[in-house]
Amino acid sequence: MTTRLERLLADALHDAGSQLAASPDLFSRIRTGIQADRRRLHNRRRRLAAGIATTAASLGAALTFLVLQKGEPHMSWWILELAAFATLAAIALILGPFIKRFGRSYAADVFRSNPSTGKSFIVLTDFAYYLIFSAYILFTTTIDRPDNWTVGVGAEQIEHTIVRVGGILLIIGLLHGINLLVLPIIGRLLTLNRRLDQQMREVAARDLSDRDFEQPQGGDQD
Amino acid sequence: MYREHARSLLGLARLFVDHRDAAEDVVQEAFIRLSRSVYRIDDPSKAAAYLRSIVLNLARDHNRRGLLSMRHATPIVDLDPVGVEETVAGREDHRRVISALRALPRRQRDCLALHYLLELPVADIAETLAVSPNSVKTHLKRGLASLRQVPDLASLLEGER
């Protein structure tokens, strides 16, 4: 048996639901979204496979050189240099998207009134970060062995490598920290700009309609 | 699937999120997630339950996860920004019921919405929420009991008492 509350509930829900119609492009947006999602997953799998292959190849090469030279454990300086290069590149490529994933809702909140600007901001920030990280890695790469480094891996080289890894982590931390602090200000400024533009358009439209009313009077006077 | 379920899913999402564009985002994301998992669903009839459960979960997490619009294309037309409570504002009693429903605990709210909006039987609700049919019955009973206790609805239910 249906109670009065149940009838009321069903009526209210149907009342809310009956006034709903999907926007005309929702189906095409879903299709585009599915295609984009498939592309994203495909790229992610490809990147993962490439990362695993590169790591495996680097490790294999390093171990080969480590074990086979002179029959006892020995690592040439350039193997560590190569491994450091791969590590820095991996940190930049993995940590960046990882941080971005958790920052998405923060950015969405900041850019809630204009999501497409937020999307564009995130892409541009990605470009800036990758340029900075690439420059850092290239600037700190050693091609020619410095005089204070031994042919095999020595303390100086290990120290240099640790400083390089610490350096990139510091840069990532600083950039994201600054971003965290600056983002709300940028979001607020963009929203205010948009409101100002809208207000100016409204004032201009009002002026124009006032002038339309005034024109016939001026005509009569002439 | 879209033709059959999009409208009801949109209605379901709209109950729990504040804006219609957010509800469309939720529905869009639900279909995307279904397309990812479609190979894992053995029984095609279960796809609808899967879609409904995604919509409920996404709608619940909507505010915590941020705007899905950051990932999705925005609609070509501006959608009305009013909430579902304003949509039914023409009927004050309906607005009060929706408002009370939204304030219920999650499981009770989900069960009531699935039962009275989508008119799903207990077994389908149980499949959607991955709980037992008895649990659904309990949530439905408790949900209705909680609604009866809402002071705002007292005047509407006077004849029932």
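Trainee: What pattern does chain A follow when it is read along the sequence?

Mentor: Chain A reads α-α-α-α-α, with five helices and zero strands, where helices (H or I, at least four residues) and strands (E, at least two) are DSSP runs numbered from the N terminus. Please keep in mind that this is a predicted model, in which local features need pLDDT of at least 70 and side-chain atom pairs count only at pLDDT 80 or more, while totals for chains, interfaces and linings use all residues. Residues are numbered from 1 along each chain as its sequence is written, and chains are lettered from A and ligands numbered from 1 in the order in which they are written.

Trainee: And what is the pattern of chain B?

Mentor: Chain B follows α-α-α-α-α-α-α-α, that is, eight helices and zero strands.

Trainee: What does pLDDT say about chain A?

Mentor: pLDDT is the predictor's confidence in each residue, from 0 to 100; chain A averages 81, and 87% of its residues score at least 70. Over residues 218–222 of chain A, however, pLDDT stays under 50, and the model has zero contacts there beyond four places in sequence, a contact being two residues whose C-beta atoms, placed from the backbone, lie within 7 Å.

Trainee: Why is L120(B) called buried?

Mentor: A residue is buried if 20 or more other C-beta atoms lie within 10 Å of its own, exposed if 12 or fewer, and partly exposed in between, with C-beta atoms placed from the backbone. L120(B) has 21 other C-beta atoms within 10 Å, and therefore counts as buried. L120(B) lies in the loop between α6 and α7 of chain B, and, leaving aside residues up to four places away in sequence, touches L114(B), H115(B) and I125(B).

Trainee: What share of each chain is buried?

Mentor: In chain B, 45% of the 161 residues count as buried, and in chain A, buried residues make up 13% of the 222.

Trainee: Why are α6(B) and α8(B) called roughly perpendicular?

Mentor: The axes of α6 (residues 106–116) and α8 (residues 133–148) of chain B come within 8 Å and cross at roughly 95 degrees; axes are lines fitted to C-alpha atoms, for helices over the stretch in contact, and angles run from 0 to 180 degrees between N-to-C directions. Angles under 35 degrees count as roughly parallel, over 145 as roughly antiparallel, 65 to 115 as roughly perpendicular and the rest as oblique, so α6(B) and α8(B) are roughly perpendicular to each other.

Trainee: What makes α7(B) roughly perpendicular to α8(B)?

Mentor: The axes of α7 (residues 122–129) of chain B and α8(B) come within 8 Å and cross at roughly 100 degrees, which means that α7(B) is roughly perpendicular to α8(B). V122(B), A123(B), I125(B) and A126(B) of α7(B) make this contact with P133(B), V136(B) and K137(B) of α8(B).

Trainee: Which residues have the most contacts inside the largest nonpolar core?

Mentor: A nonpolar core is a set of buried Ala, Val, Leu, Ile, Met, Phe, Trp, Tyr and Cys residues joined through C-beta atoms within 7 Å; the largest has 49 residues, and those with the most contacts inside it are L9(B), A13(B), V26(B), V27(B), A30(B) and V55(B). Helix α3 (residues 46–65) of chain B contributes the largest share of this core, eight residues.
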